[in-house]
Amino acid sequence: MQSGFAVMRRIKLPFAGLTIDFVDRESALKRVFEWAERGTYPVQVVFGPEGCGKTAWLRQSAELLKDMGFDVIYFNPVERDVLVELGLHDLKRDFLRLVEELSRQHMVANIAWSVIDFARRAVEHGSKRIAILVDDIFQDIGISKSATYVKGLLGLLEHPPREYERIVSVVATSEGISRREIGKHDWADLKPMWNMGRDSFEQLYNLLPDPKPDFEYIWRMTGGNPRYLEQLYKANWIIDKVVEKIVEGKNITPSFVAKWKRLLEKAVEDPDVLWEPDTPQELVDELIERNLIVYLLSKRDPWFWVDTPPPEKDLELGIGRYVAWQTPLHREAVRKVLEMYN
Ligand SMILES: Nc1ncnc2c1ncn2[C@@H]1O[C@H](COP(=O)(O)OP(=O)(O)OP(=O)(O)O)[C@@H](O)[C@H]1O
Ligand SMILES: [Mg+2]
């Protein structure tokens, strides 16, 4: 690997009341490095469990790309985060003004669309290397428009206003439904990202103060999801509190569970039962919409994944060959409601 990559500055992240350095994810960063060397074609759409670390990785990627001489536009409406590194200072100023104005008017979707316009203008004004990193915009622009948005980004790659050297376009989403919308077309390369690998996750766990449950237990409960590690820490490691929040947040109601009781009882044991051809699509859709499962897991060849793929099948972690619970805690939330109404 090249030295620029190895010495990359790690960004600081707020985590569980601490400020920590971005941890590991070497393969995911290496993937960005490769994109930077070749450009992306088509647009890269990265999806994965909620809280698996997409935003942290994209923010770190923005640094990597800056170091590699890219102009960078990063936008995340959920985190209210905009980063613009443009060599073209007037354009940067205009963009930030627009962002401020639109934010004041709560027109967040318009900011997302204007990212494409400004990237186009940057190319038009001579930007040769530009990275457009758009994070979690689909709730704001409307999931039905997700494919159109990706097409807009593709338009810049295919019909630039001026010749460019390299463009890196990456969109991250945790909305399972948007994956389906985008997948209908050939405008994007859909790349899954899973929770952190065991070693990366252990590095993060080691940063948390004692006393804490042993690592093995936390790994089995979270499946390597950093957001849930943080939530467990904040809940004084009381699993039930975090599970209860998932039940509420994902609207896992008695009527939903009663309706699908027989299948859900099987799915908490092995999520691949949801893959069987006679499984009602309605149930699968409800689980995807609630972001409880990831459906249709790609082949475990790292080529298909951003970062290390999940294991082929690990029922303890709720991972099947084709379907997985986003984390073991999501599965526990469903199990809890099943048990309550048995
Ligand atoms: N590699 C990492 N090193 C340090 N902290 C991390 C890392 N990855 C994620 N985190 C932390 O874990 C938490 C969840 O990560 P993040 O917000 O990036 O997930 P996400 O996949 O973007 O979630 P969502 O699906 O809700 O958008 C954050 O507090 C983030 O700072
Ligand atoms: Mg995010």
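Helix 8 gives the lining of the second largest pocket its largest share, five residues. The model described here is a predicted one. Helix 8 spans 176–183, and together with helix 15 (281–289) and strand 9 (293–295) it belongs to the elements that each supply at least two residues of this lining.

The second largest pocket holds about 300 Å³ of space. Its lining has 21 residues, and the closest to the centre are Gly176, Arg179, Arg180, Ile288 and Tyr295. Sorted by class, the lining of this pocket has 10 nonpolar, eight polar and three charged residues.

To place this pocket in the protein, look at the domains. The domain assignment gives domain 1 (3–192) and domain 2 (199–340). At least three residues of the lining of the second largest pocket come from each of the two domains.

Next comes the largest pocket. About 880 Å³ of space lies in it. It is lined by 33 residues, of which Gly53, Thr55, Ala56, Glu79 and Arg227 are the closest to its centre. Strand 1 (12–15), strand 2 (18–21), helix 3 (54–67) and helix 11 (226–234) each contribute at least two residues to the lining of the largest pocket. Helix 11 makes the largest contribution there, with five residues. By class, the lining of the largest pocket consists of 14 nonpolar, seven polar and 12 charged residues.

The C-alpha centres of domain 1 and domain 2 are 27 Å apart. On the side of domain 1, 28 residues take part in the contact, and on the side of domain 2, 32 residues do. The two domains bury about 2500 Å² between them, and 54% of this area is on carbon and sulfur atoms. Within domain 1, the residues that lose the most area to domain 2 are Phe15, Glu50 and Pro192, which together make up 26% of what that side buries.

Charged side chains can also be followed from one domain to the other. Between domain 1 and domain 2 the count is three salt bridges. A salt bridge also joins Arg25 and Asp307, whose closest N and O atoms are 2.7 Å apart.

Key: Residues are numbered from 1 along each chain as its sequence is written. Chains are lettered from A and ligands numbered from 1 in the order in which they are written. This is a predicted model: local features need pLDDT of at least 70, side-chain atom pairs count only at pLDDT 80 or more; totals for chains, interfaces and linings use all residues. Side-chain values use heavy atoms; hydrogens and water are left out. On a 1 Å grid over the protein atoms alone, a cavity is a set of points where a 1.4 Å probe fits but cannot get out, and a pocket is an open set with protein on both sides within 12 Å along at least five of seven lines; lining residues have an atom within 4 Å of a point. Grid points are joined across faces, edges and corners, and a volume is the space filled by probe spheres set on the points. Helices (H or I, at least four residues) and strands (E, at least two) are DSSP runs, numbered from the N terminus. Ala, Val, Leu, Ile, Met, Phe, Trp, Tyr, Cys and Pro count as nonpolar, Asp, Glu, Lys and Arg as charged, and the others, Gly among them, as polar. Domain bounds come from an automatic or database domain assignment. Contact means heavy atoms within 4.5 Å. Buried area is the accessible area (1.4 Å probe) that two parts lose on being put together, summed over both. A salt bridge is a side-chain nitrogen of Lys or Arg within 4 Å of a carboxyl oxygen of Asp or Glu.
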